[in-house]
Amino acid sequence: MLTFMASDSEEDACNERTSLMSAESPVPRSCQEGRQGPEDGEDAAQWRSQGREEDQEEDPDRYVCSGVPGRLPGLEEELTLKYGAKHVIMLFVPVTLCMVVVVATIKSVRFYTEKNGQLIYTPFTEDTPSVGQRLLNSVLNTLIMLSVIVVMTIFLVVLYKYRCYKFIHGWLIMSSLMLLFLFTYIYLGEVLKTYNVAMDYPTLFLVVWNFGAVGMVCIHWKGPLVLQQAYLIMISALMALVFIKYLPEWSAWVILGAISVYDLMAVLCPKGPLRMLVETAQERNEPIFPALIYSSAMVWTVGMAKPDPSSQGALQLPYDPEMEDSCDSLGEPSYPEVLEPPLPGSPGEELEEEEERGVKLGLGDFIFYSVLVGKAAATGSGDWNTTLACFVAILIGLCLTLLLLAVFKKALPALPISIAFGLIFYFSTDNLVRPFMDTLASHQLHI
Amino acid sequence: MTAAVFFGCAFIAFGPALALYIFTIATDPLRIIFLIVGAFFWLISLLLSSFVWFVARAITGNRDGPIEKYLLIFGVLVSVLIQEMFRFAYYRLLKKANEGLKTINPDEPAPSMRLLAYVSGLGFGIMSGVFSFVNTLSDSLGPGTVGIHGDSPYFFLNSAFMTQVIILLHMFWGIIFFDGCEKKNWYPLLAVILTHLLVSALTFLNPQYEISLVSAYMIMVLTGIWAFFVAGGSRRSLKRYLLCQDKNFLLYSQRSR
């Protein structure tokens, strides 16, 4: 059986993406001390929760961590909801774009639906005579894949704990190099083949070189935000396409389910590797690998009734809905940078501050959502209804997760609800709705 | 067939919905979310009705012939009832959510029930239209001759127009239905359910498109007029709008009604 070339780094890339997403950008020191108290003896999942009640009693230091200072708790809730909807849409758009790219490619480029071997992480074939054997093989494939992911994650956490930053950075750069150059080259080749467009090698070299080099710069260094977002969406889509191509059918579904369960456990259990990774990052007050997290920034204005002493500080952390899941976490509060210093003024004057707040979503979330929708598009017997149902289900899952986050105010995994909905809707639409709608359409009945 | 039919039918079917989306919904994130949740509710209702039809078919043993048609009719009627049930369920959910939003956000005006009625109706309509038509659309992109075996050559056009009318009808039904629920009248609800059943039943007459399509459009116009008056319009406001004398219209897009 063919093994995919350079599978190690590809898998590493996958693992990086899945494992590092939970990391959040660091909270300033002032928050740490205030937070230590309620953290002990609390459920580990609540370590990032900041109850409003706590805010009221604590000192201004704590205020800085948890909410816009000088605000009543009710208003803090209002702020949460005020930007809740906007944040949801800010996540809908990139997730939708990634899925659209994947589905468009799957539906048009034959290459990604042809079976051409399997990854070495899924060694058991699914061309077996009996259903039971096939099921067994897919479960075994899932176990192997999941254990590889867990091992890689633990390896990464160990590396991070022992401060082997150079190794990690080298690993990341290698994987993005591979994605941006090799996979793009393959993708471009297949697309050109599909549309029967001729391109000479010099032009191809120029295009791929420019695309890849600008991508590396944007992702790992600095670049316009929109460009960085576009590149991250592109590499997520490429990664998802690789998964869709090389994962056998039943294994893919079982892997999706298993990864959601792993996600749930790794976020809510106290000894999960990703939790440890995040906590280590928090202790050291370091950002984690911005190359693997999609971030969108939003600028909004806060009007205040009167100037507040704690608001004069340079660093303010408005409360952010936070979400975390093992593989692909979302929503770190990005460092809100006060773009304009608050106007000094007498009490009673209106202060307006502009704060930049973004939502961050791990790339693995994009990848697995797109894998689900892409698989639905690839194997749903040419049916668009299944794809659309999965798409809506995933969006609703994302919405629900954010809602739960706003309600519970603690770290929640992003994958389980969306993937669960997606799986339920995939199987039910494929088996129940499709025959119904097909029969209706053939008789031209409308419901 | 191919591109001309594809684009033509796509825009016929989804043009009004797309325009409504771009001009009224895409600007406000909360409305987009309510739209998608509405679409999701319609999806669940479809799932349930497919399940009922599937079970009925399994019980009667998957035989072909006239019983298949009867089962389908049964499936359609059950589906209509389930859709309206889920519309009601969505209304209850929105009512609860609205109350929640009000208690949390006393200053910020929460979206009014009328707006939510419109958005939910549009969500239902878009999902319904997409699900009924998108497979047909993708088939129309490929080669072929419509009606080569003696069927009507207007299959695609009819489906497109029917989809358009159903999307608009869902929107109007949403407005009327929610208003009936708000005012605790039962007759708007009954009227919505009956007109929905009527429109679906008319499609049983396909491929005699004249009857089904024309009647559906007439029902849509009547329902539209009813929804217009329910949503607070009046002959005077319409006149002012048409003669460009409505100063409030400019502000309309900036506040949620």
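Student: At what angle do helix 2 and helix 4 of chain B pack, and how far apart are their axes?

Tutor: In this predicted model, helix 2 (residues 29-59) of chain B meets helix 4 (residues 113-140) of chain B at an angle of about 50 degrees, and their axes are 7 Å apart.

Student: Why is helix 2 of chain B called oblique to helix 4 of chain B?

Tutor: Set the angle of about 50 degrees against the cut-offs: under 35 degrees is roughly parallel, 65 to 115 is roughly perpendicular, over 145 is roughly antiparallel, and the rest is oblique. That makes helix 2 of chain B oblique to helix 4 of chain B. The crossing of these two helices is right-handed.

Student: Which residues meet there?

Tutor: From helix 2 of chain B they include B:Phe34, B:Leu35, B:Gly38 and B:Trp42, and from helix 4 of chain B they include B:Val119, B:Gly123, B:Met127 and B:Phe131. By class, this contact has 15 nonpolar, three polar and one charged residues.

Student: Helix 4 of chain B also packs with helix 14 of chain A. What makes that pair roughly perpendicular?

Tutor: Helix 14 (residues 415-442) of chain A and helix 4 of chain B pack at about 75 degrees, with axes 11 Å apart. The range for roughly perpendicular is 65 to 115 degrees, and the two helices are therefore described that way. On the chain A side, the contact is made by A:Thr429, A:Val433, A:Met437 and A:Asp438; on the chain B side, by B:Phe131, B:Ser132 and B:Asn135. The classes here are three nonpolar, three polar and one charged.

Student: How do you know whether B:Gly142 is buried or exposed?

Tutor: Buried means under 20% relative accessible area. B:Gly142 has 19%, so B:Gly142 is buried. Beyond its neighbours within four places in sequence, B:Gly142 is in contact with B:Met1 and B:Thr2. B:Ala3 lies 139 residues from B:Gly142 in sequence, yet their C-alpha atoms are 8.3 Å apart.

Student: And how does the radius of gyration of chain B sit against that of a compact globule?

Tutor: For 257 residues, a compact globule would have a radius of gyration near 18 Å; chain B has 20 Å, which agrees. Its C-alpha trace spans about 60 × 45 × 30 Å along the principal axes, and buried residues make up 47% of chain B.

Key:
Residues are numbered from 1 along each chain as its sequence is written. Chains are lettered from A and ligands numbered from 1 in the order in which they are written. This is a predicted model: local features need pLDDT of at least 70, side-chain atom pairs count only at pLDDT 80 or more; totals for chains, interfaces and linings use all residues. Side-chain values use heavy atoms; hydrogens and water are left out. Axes are lines fitted to C-alpha atoms, for helices over the stretch in contact, and angles run from 0 to 180 degrees between N-to-C directions. Helices (H or I, at least four residues) and strands (E, at least two) are DSSP runs, numbered from the N terminus. A crossing is left-handed if the near helix is turned anticlockwise from the far one by less than a right angle, and right-handed if clockwise. Contact means heavy atoms within 4.5 Å. Ala, Val, Leu, Ile, Met, Phe, Trp, Tyr, Cys and Pro count as nonpolar, Asp, Glu, Lys and Arg as charged, and the others, Gly among them, as polar. The radius of gyration is taken over C-alpha atoms; the globule rule is 2.2 Å times the number of residues to the power 0.38. Buried means under 20% relative accessible area, exposed over 50%, partly exposed in between (1.4 Å probe, protein chains only).
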